[in-house]
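Visitor: I am new to this structure and would be grateful for a guided introduction. May we view it together?

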Amino acid sequence: MFGRFTRAAATAATILGLAGTAAQAKDIELTMYYPVSVGGPLTKVVDGMVADFQKDNPGIKVNAIYAGNYDDTRVKALAALKGGQPVQLSVLFSIDAYELMEQDAVIPFDDVAQSAEDKEWLKSFYPGLMANGVINGKTWGIPFQRSTIVMYYNKDAFREVGLNPDQPPATWKDMVTAAKKLTKQDGSRWGLAIPSTGYPYWMFGALAKQNGELLMSADGTKTFFNKPNVVEALQFWRDLSAKDKVMSEGTVEWGTLRQSFLEGKAAMIWHSTGNLTAIRKDAKFDFGVAMLPGNREPGSPTGGGNFYLFKKSTPEERAASLKLIKFMTAPERAAQWSIATGYMGVSPESYETDALKAYIKDFPQAAVARDQLKVATAELATYQSGRVRKLLDDAIQATLTGSKTAKAALDDAQEQADRLLKPYR
Amino acid sequence: MSKRVTKQALTGWLLVLPAVTVLAAFTHFPIVRTMVESLYSKGNPVRPSHFIGLDNYANFAADPVFWKVLGNNAIFALGTVPVSMALALVMALWVQSRSGKAVLRLAYFLPTMLPMIAAANIWLFFYTPDIGLLDQLLGTFGLPGRNWLGDPATVMPCLMAMTIWKEAGFFMIFYLAALQGMSPELREAALLEGCGRFTYFRRVLFPLLMPTSLFVLVNAVLNAFKLVDHLFILTKGGPSNASNLLLYYIYEHAFAFYDLPAAAALTVVLLLGLAILAISQFVFLDKRVHYR
């Protein structure tokens, strides 16, 4: 009886499906989920770009659905897929590539972008931004809303304590010295704040890189959480509050840090470049943007969202999706997007557009993220990425709140990560 | 005779059929599916899911985070349930016989009407260090601020305070309804007998409210395990699992790690725990709550 029911349902689905295909002969309908993880009315910008695309391409209808932060968006897109809803493409976390591959949800762009022109297009982006998207020689993600971490600093506060506002600290040592000067003893201003909720592993990726280490192997099967230099980097982070007293004790909230900076409660903050435009709009003081300081070397991980193509789609839908992605990442749009948000222009060409050139001339801070790309590294991405990331996040938070030492916390995290990743080696 | 019984029984079954179908499809079947799923390993295209018996449960028994989360939940329940119930009763007594009571009742009920996510966003800015309401208040008295949500010592009390604020108004409604249903003669008789207001409350009102209290207690305990929305906004279970609760831990397994069997095992644990709690509450307390 169950069998008969299933068959009837299948028949019904086929008929409905056929009806769907018939309708699609006229109009291709694409559904795309996208996240916004920083401040500012960015959904309007995306919706505007999608509207422009539809104007240029009658016959393709795009439902662009804002779905929260990166985690929410991945959950919603995959839940929609499992529930049988169509999703042909989405902007998801650049580091979700392994998980999406493992779930067999996405296809590489190489399968769709096959013309010579398309292949050129695949090579038109900054290599640093492709690091998280190219796995085993295939391109799984195309950069869209991409960032690095930069240091925002309050120039007025710098002047107040006698620091040169045009010379932001370039090394850890200088940063701590400056932060000590900037910290007010009555607790009304901290010299420095590095957020440790939301994406602690991301900030830590920067500290580790600056101390000369990467957090994982390029094939995503190994982590290096307890290498001596990595432990040293976490100890440095902990010392900022425990020893140097330039950062507040405990964890620093990602979501409200921008507000703290704008209210002058933190003189230097590390945050995503994606906040640049919002900070520029709301800052009532003179502020600067600097590359992150280095210790053994400078460096920051890239971050942000890539376009992915989903497997459950027809060839026509895939072609239309590719068209949309090309439109959204074309130099002019990338420039427009970068100006509206602070995210990076994703290709060298986008920085050659008149719009972005003029913008940077007027507002040189906007070029910092691009310049930092030269020393940028991939963001933490491995198989079992959700679990591995949480292991590291927990270790970082346990250290920063003083409940474990840096060494013990990272040893634990490494041991558990090894256990998770062993089957993939 | 026997034919009539059969017919009656048939009618009875037909009458409950819609309810049984819905319950079976949306409650019982999923529970059974969850139990079955919890006995399998996480599958992927390379290594399909296979039967592993109770391994998922064994993994959690050896997982310190799981025990931490369970402990957090117990603290959360113990910290929120009694206080919010007491507060609810006080508020109900307060607004029951007061002029301008509509406004007052609305004021108490307002937190309940706010969606949890909105409430959590408001409270996030209360708790934000340095610029938050709480720290600014402390600042006016010259007291130093605190990193409320970023410190394992304060994060749970912060969450509990918000939950009590949110829940008390809801429970107040039940007490209010019970109080409204109380016959005024009882109060008059008691006052005639010369008993004070406190004695009246302790010897008459409170015992009569016991069935309501039991109902509220069961709901409050269930809610203490079911509330999870605020974690998404306020702490995401951090710092380092200091505020992680069972339901959020389930969510992490299901949607951050995509380990559905592990999430299923946790769900079974949660279900069993809640079932035991609810049954014991009804069995042990039910005998004592009725006024004789």
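Guide: A residue is called buried under 20% relative accessible area, exposed over 50%, and partly exposed in between (1.4 Å probe, protein chains only). This is a predicted model, in which local features need pLDDT of at least 70 and side-chain atom pairs count only at pLDDT 80 or more. Residues are numbered from 1 along each chain as its sequence is written.

Visitor: Is Lys184(A) buried or partly exposed?

Guide: Lys184(A) takes part in a salt bridge with Glu160(A), the closest N and O atoms being 3.9 Å apart; such a bridge is a side-chain nitrogen of Lys or Arg within 4 Å of a carboxyl oxygen of Asp or Glu. Because its relative accessibility is 34%, Lys184(A) counts as partly exposed.

Visitor: In which helix do Lys407(A) and Asp411(A) lie?

Guide: The side chains of Lys407(A) and Asp411(A) meet in a salt bridge of 2.8 Å, N to O. Helices are DSSP runs (H or I, at least four residues), numbered from the N terminus. The two residues are four apart, about one turn, and both lie in chain A, in helix H18 (residues 406–421).

Visitor: How many salt bridges are there over all chains?

Guide: One network of salt bridges links Asp71(A), Arg74(A), Asp96(A) and Arg389(A). Over all chains, the count of salt bridges comes to 28.

Terms used
Chains lettered and ligands numbered in written order. Heavy atoms only, no water.
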